[in-house]
Amino acid sequence: MMDDVLGPLTAEEASFQEQIRVFLEANLTPDLRRAGALTMWAISQFDMSKAWQKILHAHGYGAVHWPSVYGGKGWTARQKLIWEYENTRAHAPKVMNMGRDLCAPCIMKFGTDAQKADFLPRILSGDDWWAQGFSEPNAGSDLAALQLKGEIGETDIVLNGSKIWTTFAQYANRIFCLARTGASPKKQMGISFLLIDMDTPGISLRPIHILSGDHEFNQVFFDNVRVPRSRVLGAENDGWSVVRYLLQYEHGGVTSRAMEMAERLDWLEQLASVEEDGEGNSLLNDPDFARRMGELFIDAEAISFAEREATALQRSGGPPSQLGELMAIRSREVGQAITELAMRAIGRYGAPFQKDARSIGSGVDAVGPDHILKPTPFYFAQRAATIAGGTPDIHRNNVAKRLLGL
Amino acid sequence: MMDDVLGPLTAEEASFQEQIRVFLEANLTPDLRRAGALTMWAISQFDMSKAWQKILHAHGYGAVHWPSVYGGKGWTARQKLIWEYENTRAHAPKVMNMGRDLCAPCIMKFGTDAQKADFLPRILSGDDWWAQGFSEPNAGSDLAALQLKGEIGETDIVLNGSKIWTTFAQYANRIFCLARTGASPKKQMGISFLLIDMDTPGISLRPIHILSGDHEFNQVFFDNVRVPRSRVLGAENDGWSVVRYLLQYEHGGVTSRAMEMAERLDWLEQLASVEEDGEGNSLLNDPDFARRMGELFIDAEAISFAEREATALQRSGGPPSQLGELMAIRSREVGQAITELAMRAIGRYGAPFQKDARSIGSGVDAVGPDHILKPTPFYFAQRAATIAGGTPDIHRNNVAKRLLGL
Amino acid sequence: MDFNLTPEQASFRDSLAKVVAKDYSFERRRKIIAEKARFDKDIWALFAEQGLLALPFDPTYDGLGGSAVDMYLVMEAFGRALVVEPYLSCIVMAGSLLRHGASDAQKADHLPMIGRGERLFAVACHEPQSRYNLSRVSTTASSRKGGYVLAGQKSVVYGAPSSDYLLVSARTGGAAGDRGGVSLFVVPIGASGVSREDYATFDGMRASELTFENVSVGRDSLVGEEGEAAPLLERMMNEALAAVSAELTGAMEALNDRSLEHCRTRVAFEQPLSKFQVLQHRLVDMRVSYEHGAAISMAAARALDANHAVNATASAAMALAGREADFVGKNAIQLHGAIGITEDLDIGHYFRRIATVRSLFGDYDYHVRRYLKHRAFGGALS
Amino acid sequence: MDFNLTPEQASFRDSLAKVVAKDYSFERRRKIIAEKARFDKDIWALFAEQGLLALPFDPTYDGLGGSAVDMYLVMEAFGRALVVEPYLSCIVMAGSLLRHGASDAQKADHLPMIGRGERLFAVACHEPQSRYNLSRVSTTASSRKGGYVLAGQKSVVYGAPSSDYLLVSARTGGAAGDRGGVSLFVVPIGASGVSREDYATFDGMRASELTFENVSVGRDSLVGEEGEAAPLLERMMNEALAAVSAELTGAMEALNDRSLEHCRTRVAFEQPLSKFQVLQHRLVDMRVSYEHGAAISMAAARALDANHAVNATASAAMALAGREADFVGKNAIQLHGAIGITEDLDIGHYFRRIATVRSLFGDYDYHVRRYLKHRAFGGALS
């Protein structure tokens with residue numbers, strides 16, 4: 001399936017691809033690859049992903065999507081796709097990306113010169129790791145209902161309240177947050193976008209483990225936390241403008257759904273090829289398993305084609321697709337269904353809980369064959385794919401309104 | 001599957017069953033059975049169903065569910081079930097039942113002595129055939145929005161407007177209708193329930209053919225139709241009370257969903273056993289077909305068990321089930337899915353349109369084998385199962401409100 | 001769906017939309033199918049005039065050399081309009097067999113006539129027990145001096161009632177089910193020994209049961225090599241599947257347009273249906289279905305043009321477009337209520353066509369298996 | 001679902017509900033699974049005191065002679081409470097093997113002790129490649145003077161870490177996969193040559209990988225006839241499937257209660273979630289799933305009690321209850337949002353259990369096939 005994602009390459013593209021392959025081959029250690037392959041949710045095991053960012057930076061690949069003035073590569077969309085493809089194919093770790101992919105574009109757009117100089121290079125080098133502080137206990141899908149209170153003083157803003165679902169905050173040394181700093185009849189107004197150091201006094205964490213067993217999220221408490229007003233990104237009380245800009249990156253994103261699905265399908269196929277059906281035959285030949293796999297392949301073929309066609313259309317000067325949110329409804333479900341079938345593939349070995357054996361460097365051996373480590377926690381973790389970034393119901397509401405005009 | 005519906009019989013029940021079997025065996029001609037087996041929607045080919053009602057009446061089975069005072073049998077619930085079972089199993093025609101099963105109970109409950117005397121015996125004998133005039137072009141799911149105008153004069157009520165989806169009105173000599181005879185702020189008020197002769201001047205029909213090709217429905221137009229006030233059932237302007245009573249019969253009904261499904265599954269299995277898979281093997285052994293069939297059997301097992309358990313619970317003095325409407329959501333879907341798989345079973349022979357060959361007495365031969373006559377029109381006609389009597393959305397609204405208290 | 005079309009294709013798509021909107025209204029279709037022939041000669045002439053009948057053929061034979069993408073665009077438009085004339089059976093299917101299998105002389109004889117709308121073909125390659133297996137041929141072609149004698153039965157042959165010629169598969173060797181030994185013949189519809197039972201079909205078209213008794217044909221009626229028709233039939237089926245998927249896509253688009261309009265205007269419980277959240281979400285899901293069906297159908301067209309992974313992609317298209325159209329069709333009926341299940345409204349006619357083509361060309365399960373068969377598993381990731 | 005229960009059963013159901021509500025809160029469960037053993041001796045003693053551990057056994061062996069319906073009621077309550085103690089593996093599964101296969105002496109030795117909670121068994125009958133096929137046994141039992149020597153491997157043996165004895169399937173004849181030649185042995189967990197790797201499972205329980213090297217057991221450790229264990233294992237699996245289906249039914253009921261409550265109280269976009277029509281309908285569909293799952297699960301219990309169509313009904317139950325629970329579990333998570341996918345809330349723990357038992361006892365596809373196998377098609381209608 002992965003083979004189909006890029007389509008035919010030009011000679012130039014092929015040589016670009018070769019260059020990337022050489023780099024990855026030379027720099028991806030088995031541990032790094034294993035970390036990439038065992039990624040449960042958006043980010044690989046942190047120490048591995050951090051080490052990889054250092055390597056990327058050392059070779060000039062620290063933030064390939066950034067404009068070259070900030071240290072990016074200035075690649076074409078096609079080159080970026082090949083980069084993603086080769087990284088995915090080689091199981092490079094997925095780097096903690098809230099700084100690089102979400103906060104940095106906002107700093108570039110809304111930041112002061114000082115903010116740009118202070119923050120961007122350290123993201124690039126892997127010295128700074130940003131968490132994203134948006135959701136709150138009573139503001140999930142309805143983000144604008146947030147209540148983290150920010151009192152604007154002479155020099156500082158004093159924060160009280162909490163953020164939740166803060167991915168990997170335990171590893172972050174910075175966090176970007178939305179706080180309610182002004183009163184307004186419209187709930188999107190009066191919000192400020194703040195750039196905060198995690199070691200500021202008054203910040204504390206409560207770990208939240210997800211169903212895979214991983215410490216993926218945190219609740220971040222703010223108890224009279226003083227943030228200098230120089231750490232406001234954009235205008236005070238106008239943080240919603242920054243959010244809207246950021247959400248383009250979060251929802252649109254640079255990653256390819258088709259690629260993610262293709263990678264998973266190839267993985268699923270490999271799993272099934274080493275599993276038996278209980279009668280001594282390969283699971284791949286089980287009529288039910290094969291059928292379910294075929295159904296997912298077909299779904300993925302459509303999604304993959306639609307993505308390629310939309311990209312090609314845009315490249316040839318057509319309008320950008322209005323269908324991103326609509327297409328993601330199905331593709332998220334298919335992505336989840338692959339993980340579910342993978343859990344089915346390993347049969348009774350889906351039961352053992354082996355968080356430690358999955359952890360690179362733990363020295364803990366797996367119960368059963370190595371390939372059973374991933375499917376169950378991956379399936380569980382991927383339930384988040386239809387929650388984070390909006391449930392399918394929220395997306396259907398949006399599509400009904402925006403695309404169908406209802 | 002049919003074999004599982006009744007569960008074990010007592011000796012007494014077995015002898016009752018035998019008596020019914022003897023009657024059916026003696027009286028069901030091949031044509032009558034064929035009419036029963038080729039029933040597309042609620043009622044069999046009219047001339048056949050009429051002939052069968054005459055036979056039923058002649059043997060005292062004209063309306064077995066009625067109280068014995070009106071000519072019914074006074075049977076137990078269990079006996080009625082056996083009666084339904086044997087009739088279903090023997091493919092007895094389904095008699096046009098709007099008079100017998102819907103209007104008659106209302107007449108018994110709300111009718112004057114004259115109305116009872118005038119109408120009930122003629123329903124029993126198969127001399128009167130009633131159509132039901134409820135739905136209107138702008139009052140479907142929302143029945144109370146009906147607009148057929150009835151002006152109450154000294155002796156008559158003058159009707160203007162129309163009814164639609166009036167099943168088999170082309171064969172009826174009577175029709176019971178709801179008309180708006182009074183003004184009221186609440187739309188359920190001011191409605192009268194009228195008993196009308198179809199040959200009253202001013203009544204005309206527009207035939208409506210359904211997707212099976214059958215002339216199943218009609219639009220009935222009323223152009224200054226004068227109905228004597230003696231033909232109001234219940235109180236004038238209080239027809240909604242009658243409707244509410246009637247809807248119990250329509251929704252609750254006496255028929256068994258499990259029996260209907262079991263009959264269809266047996267039929268499906270027979271179909272599949274005479275079809276090939278394109279490789280020279282029986283379709284029953286095709287892994288995909290068998291799986292889909294197995295899934296439907298399993299769904300039916302659950303529905304059948306739930307029905308038997310609810311019946312047994314009520315028989316042993318428990319409360320009547322509150323789950324009828326909820327359970328029907330799934331069972332209607334399963335019932336439709338069986339017809340769909342039947343169409344799949346006959347492969348390319350699903351395409352020919354053979355309304356005439358289906359019609360008993362037409363003398364038209366079927367294209368292809370005889371068993372291909374039913375599946376496609378049956379599948380098409382049964383789309384109505386999730387429309388007539390309320391769409392699944394309407395039922396979900398009701399269940400959310402009544403059962404879940406939302 | 002916005003495809004990445006060439007400017008010529010984009011304008012062809014627009015012009016097709018205009019043609020069917022103007023000349024193939026639901027009212028006109030109703031009149032056509034009320035006639036016994038269910039074949040409007042003026043419409044066929046119009047299609048010829050627009051170049052649609054010559055579209056896939058080589059310019060050598062007065063064709064336009066159109067691509068599978070071009071054919072997609074035609075079938076999409078025909079799907080929207082529910083065209084009942086035998087374009088699929090004559091131009092797509094018989095056209096495919098002739099294009100890929102016929103000799104130069106046969107092409108020169110037939111293709112220009114077909115392109116001008118003056119000759120029609122039907123494909124008689126299915127038998128009562130063959131289901132979707134075109135190698136399951138029991139009809140025999142026995143070699144005789146100077147030709148062959150055909151005997152057997154063909155079933156549900158679309159377009160036969162209005163055809164001049166048939167393309168008939170028959171066994172010159174091997175046993176029923178063998179890929180080898182199937183041959184293909186051009187047979188005039190009126191040939192001695194051909195008997196026909198014509199009938200209407202649920203989708204507003206016409207088909208025939210055909211019996212061949214001692215039908216003599218010349219050696220020059222053989223299309224392609226003797227015993228080697230299986231690859232031709234497979235190619236034809238792939239082109240048909242791509243075309244049918246495109247047709248289903250057009251039908252979905254029309255159903256979605258109608259349903260959206262209906263929900264905006266129909267009032268129940270004092271509100272337009274479109275105000276109910278569950279119906280809004282249903283309409284979104286129907287749109288999701290359309291988009292995925294459109295994508296996979298166009299993918300099949302492009303696969304044909306690239307001659308890459310043709311079997312797998314054609315079956316993927318039929319499987320998915322069929323599944324999506326089934327969902328859209330059922331829900332369009334639900335949203336319309338009782339009128340949706342009548343012959344009065346176009347909604348039900350789309351539904352009948354969707355159900356019927358899945359019967360004719362293979363249901364979801366069948367095409368998932370066919371996809372699996374041609375997309376061999378095992379170590380795709382290098 | 002309101003079942004047609006005897007008054008005794010109805011009051012048993014009530015008392016079970018009270019026991020788990022009082023003594024098996026989510027908080028208590030959280031504490032139990034935080035301990036390494038994941039086995040609360042006090043709880044087990046309480047179950048013994050309530051007669052639950054002796055429920056299915058014959059009064060001759062201090063049992064209560066409970067029916068499959070009684071076991072349904074226990075498992076339903078345990079499903080609601082997410083009980084992690086090894087009732088299923090010890091009482092239902094090992095209990096089944098001993099009840100139907102053990103000699104009088106074996107029963108007298110073990111059943112009273114099990115019923116008092118003083119002895120625990122686990123069932124070691126699955127192997128790394130056996131998936132759900134209990135005849136796929138590679139472990140061997142070689143006959144030696146006075147007994148047997150066992151060698152082989154058993155995988156994912158639930159309850160083994162807290163057990164005193166194992167019931168081990170091993171081959172005394174035939175080849176892997178043969179129904180004949182499988183024998184069953186009682187083996188003390190500490191027997192020489194038995195090595196064990198214990199681990200936690202996703203559903204809050206514990207299991208082991210077991211290796212048997214040169215494990216000598218006496219002839220009196222054989223359960224049932226030599227080579228004839230397949231029917232015993234099949235009966236055990238049917239009882240396990242019915243029990244698991246009941247457990248899933250209890251889990252669904254709890255998930256629906258929690259989801260309804262959550263939707264009534266959680267506000268988004270200025271309204272309680274329960275005011276959104278799509279969520280109302282979702283809750284209705286979850287209730288539909290529960291009712292059908294409950295029906296088929298009780299049907300399996302009644303089939304066991306009547307000893308009628310046991311294989312087919314047990315698989316129907318596992319297939320359908322599994323499918324319904326999967327639907328309910330996924331949607332309960334969706335309705336709860338992010339907190340639903342954390343270990344903090346019970347919702348996710350139900351979901352993990354549902355997914356895990358389907359892995360352990362067979363998924364939907366597997367049980368549809370098993371149903372089909374035992375419900376032979378062909379002419380059911382006389």
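Two strands are said to pair if DSSP finds at least two bridges between them, and strands here, like helices, are DSSP runs numbered from the N terminus, with at least two residues (E) for a strand and at least four (H or I) for a helix. What I am showing is a predicted model, in which local features need pLDDT of at least 70 and side-chain atom pairs count only at pLDDT 80 or more, while totals for chains, interfaces and linings use all residues. Residues are numbered from 1 along each chain as its sequence is written, and chains are lettered from A and ligands numbered from 1 in the order in which they are written.

Let me begin with the strands of chain D. Strand β2 (residues 140-144) of chain D pairs with strand β3 (residues 147-158) of chain D in the antiparallel sense, over 5 bridges, and within this pairing D:S143 has D:Y148 of β3(D) as its bridge partner. The hairpin that β2(D) and β3(D) form has 2 residues between the strands, and D:G146 takes a positive phi near 75° there. β3(D) also runs antiparallel to strand β7 (residues 206-218) of chain D, to which 9 bridges join it, and here the bridge partner of D:K154 is D:L210 in β7(D).

Because D:S142 has 13 other C-beta atoms within 10 Å, D:S142 is partly exposed. Two residues are in contact if their C-beta atoms, placed from the backbone, lie within 7 Å, and, leaving aside neighbours within four places in sequence, D:S142 is in contact with D:Y148 and D:V149. D:S142 and D:A170 are 28 residues apart in sequence, and their C-alpha atoms are 9.1 Å apart in space.

Turning to chain B, strand β1 (residues 130-133) of chain B points B:W130 and B:Q132 one way and B:A131 and B:G133 the other way, and all are buried. β1(B) pairs with strand β4 (residues 174-180) of chain B over 4 bridges, in the parallel sense, and the bridge partner of B:W130 in β4(B) is B:R174. Strand β7 (residues 215-228) of chain B holds B:P228, which is partly exposed because 14 other C-beta atoms lie within 10 Å. Leaving aside neighbours within four places in sequence, B:P228 is in contact with B:T155 and B:D156.

Next comes chain C as a whole, whose secondary structure comes to 11 helices and 10 strands. The radius of gyration of chain C, taken over C-alpha atoms, is 21 Å, close to the 21 Å that the globule rule (2.2 Å times the number of residues to the power 0.38) gives for 382 residues, so chain C is as compact as a globular protein of that length. Of those 382 residues, 61% count as buried, and among contacts in chain C between residues at least 6 apart in sequence, 74% join residues at least 24 apart.

How confident is the predictor? pLDDT is its confidence in each residue, from 0 to 100; chain C averages 96, and 98% of the residues score at least 70. Over residues 378-382 of chain C, however, pLDDT stays under 50. The model scores ipTM 0.96 and pTM 0.96.

Finally, the contacts between chains. Chain A gives 34 residues and chain C 28 residues to the contact between them. On the chain A side, α1 (2-5), α9 (257-274), α10 (287-315), α11 (324-345) and α14 (392-402) each supply at least two residues, and the largest share, 13 residues, comes from α10(A). That side divides into 19 nonpolar, 6 polar and 9 charged residues, where Ala, Val, Leu, Ile, Met, Phe, Trp, Tyr, Cys and Pro count as nonpolar, Asp, Glu, Lys and Arg as charged, and the others, Gly among them, as polar. The contact between chain A and chain D takes 33 residues from chain A and 40 residues from chain D, and the side of chain A that touches chain D divides into 13 nonpolar, 11 polar and 9 charged.

Terms used:
pLDDT is the predictor's confidence in each residue, from 0 to 100. A residue is buried if 20 or more other C-beta atoms lie within 10 Å of its own, exposed if 12 or fewer, and partly exposed in between; C-beta atoms are placed from the backbone.
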